[in-house]
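Thank you for asking me to look over this model. My comments are set out as numbered points, to be read beside the coordinates.

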Amino acid sequence: MKISPENKSKIKNVISQYLDNNEKIRTNNGVLEQAGFIKSTMDIMKKIFYYVSLGIGIFASFMFGNYLVNSIMAREREIGILRAIGATSRDIFHICLFEGMILFAVIFPISSLISGIAGIVINSMVKSDLGIMIPISVFGIRQVALIFAVSLAVTLIISLTGSYVVSKRKPIDVLR
């Protein structure tokens, strides 16, 4: 049957006789049910992975910050000697920042590599175990930029606060 403008109006009239204006025709088949199940599963998994990765990111930031603070505090005596011979707070900040940047240069590529590998492993597990060909863990330039930004921010904040705390102490108090 060819659909012409006259046939379209006849079809609309027939359908409108059997349906109210608020009703919709729904089709139900196995493919649509499976697609709906996969979409709801993916939405749940996306939320779970988001919160898990957020928690791991915050934990990793605290661990990195803790290591950097301990590194600065372990050099407190050296910093006190430098202050006693005339180093300024700015010089101390530069020393702490340089040490933090060295740690940042090590931690950033390692964390990016581990995150990328974890994404590949998760996608392959979902593909083999659930038979879902859609990747749920996407790792790209945006995620690398986020890791870079968070690592750099932690480095700058901890270096600034650590050097401020150490440089404000009097050299004689640090040497005791």
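1. Basis of the model. This is a predicted model, in which local features need pLDDT of at least 70 and side-chain atom pairs count only at pLDDT 80 or more, while totals for chains, interfaces and linings use all residues. Residues are numbered from 1 along each chain as its sequence is written, and side-chain values use heavy atoms, with hydrogens and water left out.

2. Overall make-up. The chain has 6 helices and 0 strands, and along the sequence the pattern reads α-α-α-α-α-α; helices (H or I, at least four residues) and strands (E, at least two) are DSSP runs, numbered from the N terminus. Of its 176 residues, 24% count as buried, where buried means under 20% relative accessible area, exposed over 50%, and partly exposed in between, with a 1.4 Å probe and protein chains only.

3. Surface and contacts. The chain exposes about 13200 Å², of which carbon and sulfur atoms supply 68%; accessible areas come from the Shrake-Rupley method with a 1.4 Å probe, and for residues only the protein chains shown count as cover. Among contacts in the chain with a separation of 6 or more, 78% are accounted for by residues 24 or more positions apart, contact meaning heavy atoms within 4.5 Å.

4. Helices α2 and α4. Helix α2 (residues 30-74) packs with helix α4 (residues 89-130) at an angle of about 155°, the axes being 12 Å apart. That makes α2 roughly antiparallel to α4, given that angles under 35 degrees count as roughly parallel, over 145 as roughly antiparallel, 65 to 115 as roughly perpendicular and the rest as oblique. The axes are lines fitted to C-alpha atoms, for helices over the stretch in contact, and the angles run from 0 to 180 degrees between N-to-C directions. Residues making this contact include M45, F49, F64 and L68 of α2 and C96, G100, L103 and F104 of α4. By class, the contact has 13 nonpolar, 2 polar and 1 charged residues, with Ala, Val, Leu, Ile, Met, Phe, Trp, Tyr, Cys and Pro taken as nonpolar, Asp, Glu, Lys and Arg as charged, and the others, Gly among them, as polar.

5. Helices α4 and α5. The axes of α4 and helix α5 (residues 141-168) come within 8 Å and cross at roughly 155°, which makes α4 roughly antiparallel to α5. Among the residues that meet here are C96, G100, M101 and F104 in α4 and L152, T155, L156 and S159 in α5. By class, this contact has 13 nonpolar, 10 polar and 1 charged residues.

6. T155. Which residues does T155 contact, leaving aside its neighbours within four places in sequence? They are F64, L68, G100, M101 and F104. T155 lies in helix α5 and counts as buried because its relative accessibility is 0%.

7. M101. This residue is placed in helix α4 and is partly exposed, with a relative accessible area of 31%. Not counting residues up to four places away in sequence, M101 touches L152 and T155. The C-alpha atoms of M101 and L156 are separated by 8.5 Å, although the two residues are 55 residues apart along the chain.

8. V69. Located in helix α2, V69 counts as partly exposed at 28% relative accessibility. V69 and C96 are 27 residues apart in sequence and 9.5 Å apart in space, C-alpha to C-alpha.
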